Structures are given as C-alpha cells and as structure tokens.
Amino acid sequence: MARNVQVLLANRPDGWVKESDFNIVERDIPSPGPGEILIENSWLSLDPYMRGRMNASKSYAAAVEIGDVMVGGTVGKVIASQHPKFREGDHVVGSTGWQLYAVSSGEGLSKIDPDAVAPSAYLGVCGMPGATAWIGLLEHCAPQAGETVLVSAATGAVGSVVGQLARLQGCRAVGIAGGKKKCDYALKELGFDACVDYKAGNVFDNLKAACPQGVDCLFENVGGQLMDNAFRLLNPFSRVALCGMVAEYNATEPYGVTMMRSLLVNRVNLRGFIVFDRLDLYQKAIGRLVRLVSQGKLRYHETVAEGLASAPRAFIGMLKGENLGKQVVKLK
Ligand SMILES: NC(=O)c1ccc[n+]([C@@H]2O[C@H](COP(=O)([O-])OP(=O)(O)OC[C@H]3O[C@@H](n4cnc5c(N)ncnc54)[C@H](OP(=O)(O)O)[C@@H]3O)[C@@H](O)[C@H]2O)c1
C-alpha cells in the first residue's frame, strides 16, 4: 500500500546547512476531512528562502519548527475532495511542503492548466520566482527602453526571467553569474547583452566594461561583495530592487556593505520587497508569464533532482550554485 514520505527539519543549522539537518520519515497517507482535499504531489520546488525558515530568528515568515515538514512549493493532483471548489483530477500549485501527499484546506492553492505549460513551470518561470522577477523589475525598477538592467544570480529561477523581461522592455540586460557555462547560457540562450562571471576575478572592471552607460536598474539577488561592486556603478536616480541576499543565507556573520555612499550621492531609490506583498499583481503576472512561455518568448531551464530523498542534497547544491535555472525535485 502507498505511504506518505515526508522530509522534516531535524536541526537548526549553524552556518552551512547539512543533509543531517533533515530527517526523512514514512507515514500513513492522511485523509481529508470536510472542506479539505488530498493532493498527490508530483513536483517540489527548492528555493533559497527555505534556508531562512530553518533558522529560529524572526523573518518575514514564521520559522519551520523542529520535527515539522519542511515548507515548500509543490505541484500535484487532487486525488480526493470534500471541498466545494476542488474536484478529483484538478491540478494545483501551492505550498504543501516536502512530502508526497498533503491534506489542504485549499488556502493558498491555485488550479493550474497542465496543458498551457509544463506543470513544473508553475514552480519556476510561471510561478513564485517568475512573479518575483515580474513585480521586482516592472513595478519596483520600472526600467525604460534603452536603460541598463543589471541582475545577479542571472541564470537562476528569478534572474533568468528578470534578464529576459528586461530585454522585452528594450533594455540592455547584464547578468552576473558563477562560471563560464552559466554566462554562456545567459548570452546564447537567454539573450542577455553581457554577462560577468564573478568567479573569474576582476569583477568590478568586468562589470564596468559590461555596463558602459552605468546601471539604471539593479535587481539584487545575492548581496555581499557583488552588491557593493554593483552599487559603485549606479547612475543618478537609479533604482535597486532588493530581492534577495543568497550569499549571506549560510553565513554566520552579516556582510558589512561599504558602498552606501553611492546610494546617497546618486539619490538611488532602493526598495526591499517580498513577492507576496503584491498579491494584487501576482495572478496577473503568472497569466502573462504563462502566455510568454507558451508563445516561445520566454525561455527557461530546470535542474531536476529525482525523488524526494534527493531533496536535501539538491537544496544544498542549489545554495552552492550547482543549479542552472530552476531547481525542482521530480516526485513521481
Ligand atoms: N523577495 C522575494 O520575494 C523573493 C522571491 C524569490 C526569490 N528571492 C531571492 O532571489 C534570489 C534568487 O532566488 P532563486 O530562487 O532565483 O535562486 P537561484 O538563483 O535559482 O539559485 C540560487 C543561486 O544563487 C547564486 N549564489 C549562491 N551563493 C552565491 C554567492 N555567494 N555569490 C553569488 N551568487 C551566489 C548561485 O548562482 P551562481 O552560480 O550564479 O553563483 C545559485 O545558483 C535569492 O536571494 C532569493 O532569496 C526573493
């Protein structure tokens, strides 16, 4: 008989997350009660924010408790329903965690059309990361044609969409990524105008050469020294969408930013944002992204880990930059 498999948080990591910080258990498959549905998950998303949820410290969302199922976005199929809005056979995306089966009240769950784009795309380019790119770039940076948009972690789930949307806006899209393979992908497949491999050294000089007119919009995914280098290139009245600081998520000490003066003298508008602050735009953004992907105007790549047991290792790999594009786990 089929059983549920779950990945639980076993320890709060101090510094780099380890596979032993997770515990994989087998449980009975739960039954939905009145007003609930049972979902069989087929895809799990692995995202940098999950590292923050493993800490006890206060963030914008509650921590995962020790012994609880790890939080995570999933795509799956409704296999039993006592909910008026969901039927058996519906395909759904939501946050049901690192597990094969989940009971849900339907809150935060959306139906998806698996024929419009591949179901896993609803976790990446047509999901939360894609909406993050959309909202951060088009709402917070609002770049005009001809402006230069610089994005870090440029070949990842968010960054790859930012660069392509910037190009569609008529901007010069410049990426920062780790390694030649990633930069080649950004240039040849995603259509970036330039890409700086930060692992090759000379980061500031190479960024300056890639952005001869300076930077009008910085979409910041990484933080740390890369962000300091990008701050030095900001133009007067430029905008920074502060989306993430993945370079610091496993650090024991925060990085001390040195280039704040550039924000002052250039009268920069820097805005930290969380995608779910703009639920008013979320579904609209997803609809547009689905259309762009199905029209072939937006490309994406997935790094696929096989089976739920591979999730801890793949998660650590993603935080170390082993993924190209969106990191997902195929569950069945
Ligand atoms: N604000 C929001 O609402 C929101 C929503 C979603 C995501 N985010 C943030 O957006 C960022 C990107 O998320 P994602 O899902 O698209 O992840 P991702 O880019 O697909 O994967 C993470 C990437 O981060 C890069 N990275 C890791 N450590 C680094 C370091 N020390 N220096 C430079 N790059 C490093 C690696 O790429 P390289 O190999 O190129 O180094 C790695 O592939 C994260 O900071 C995440 O927290 C924010």
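Mentor: With the largest cavity, which has a volume of about 70 Å³. The model is a predicted one.

Trainee: What makes it a cavity, and not a pocket?

Mentor: In a cavity a 1.4 Å probe fits but cannot get out, whereas a pocket is an open set. The search of the whole structure finds one cavity of 30 Å³ or more.

Trainee: Which residues line the largest cavity?

Mentor: The lining consists of Gly124, Val125, Ala157, Ser160, Val161, Arg299, Tyr300, His301, Glu302, Gly325 and Lys326. Helix H3 (residues 157-168) supplies the largest share, three residues.

Trainee: How is the lining of the largest cavity divided by class?

Mentor: There are four nonpolar, four polar and three charged residues.

Trainee: Why is Thr96 called buried?

Mentor: Buried means under 20% relative accessible area. Thr96 has 12% relative accessibility, so Thr96 counts as buried. Thr96 is found in the loop between strand S5 (91-94) and strand S6 (101-104).

Trainee: What is Thr96 in contact with, leaving aside its neighbours within four places in sequence?

Mentor: Its contacts are Ile39, Asn41, Gly72, Thr74, Ala102 and Leu109. For each of them, contact means heavy atoms within 4.5 Å.

Trainee: What makes helix H9 mostly covered?

Mentor: Helix H9 (residues 311-319) has nine residues, and eight of them are buried. Those eight are Ala311, Pro312, Ala314, Phe315, Ile316, Gly317, Met318 and Leu319.

Trainee: Which elements do the buried residues of H9 pack against?

Mentor: They pack against strands S1 (4-9), S2 (22-27), S3 (37-45), S14 (302-306) and S15 (326-330), and against helix H1 (49-53). Just after H9, Gly321 takes a positive phi of about 90°.

Trainee: How many helices and strands does the protein have?

Mentor: Its secondary structure comes to nine helices and 15 strands.

Trainee: Why is the protein called as compact as a globular protein of its length?

Mentor: The globule rule gives 20 Å for 332 residues, and the radius of gyration is 20 Å, close to that value, so the description holds. The C-alpha atoms fill a box of roughly 60 × 45 × 35 Å along the principal axes.

Trainee: What share of the residues is buried?

Mentor: Buried residues make up 54% of the 332. The protein exposes about 15000 Å², with 50% of it supplied by carbon and sulfur atoms.

Terms used: Residues are numbered from 1 along each chain as its sequence is written. This is a predicted model: local features need pLDDT of at least 70, side-chain atom pairs count only at pLDDT 80 or more; totals for chains, interfaces and linings use all residues. Side-chain values use heavy atoms; hydrogens and water are left out. On a 1 Å grid over the protein atoms alone, a cavity is a set of points where a 1.4 Å probe fits but cannot get out, and a pocket is an open set with protein on both sides within 12 Å along at least five of seven lines; lining residues have an atom within 4 Å of a point. Grid points are joined across faces, edges and corners, and a volume is the space filled by probe spheres set on the points. Helices (H or I, at least four residues) and strands (E, at least two) are DSSP runs, numbered from the N terminus. Ala, Val, Leu, Ile, Met, Phe, Trp, Tyr, Cys and Pro count as nonpolar, Asp, Glu, Lys and Arg as charged, and the others, Gly among them, as polar. The radius of gyration is taken over C-alpha atoms; the globule rule is 2.2 Å times the number of residues to the power 0.38. Buried means under 20% relative accessible area, exposed over 50%, partly exposed in between (1.4 Å probe, protein chains only). Accessible areas come from the Shrake-Rupley method with a 1.4 Å probe; for residues, only the protein chains shown count as cover.
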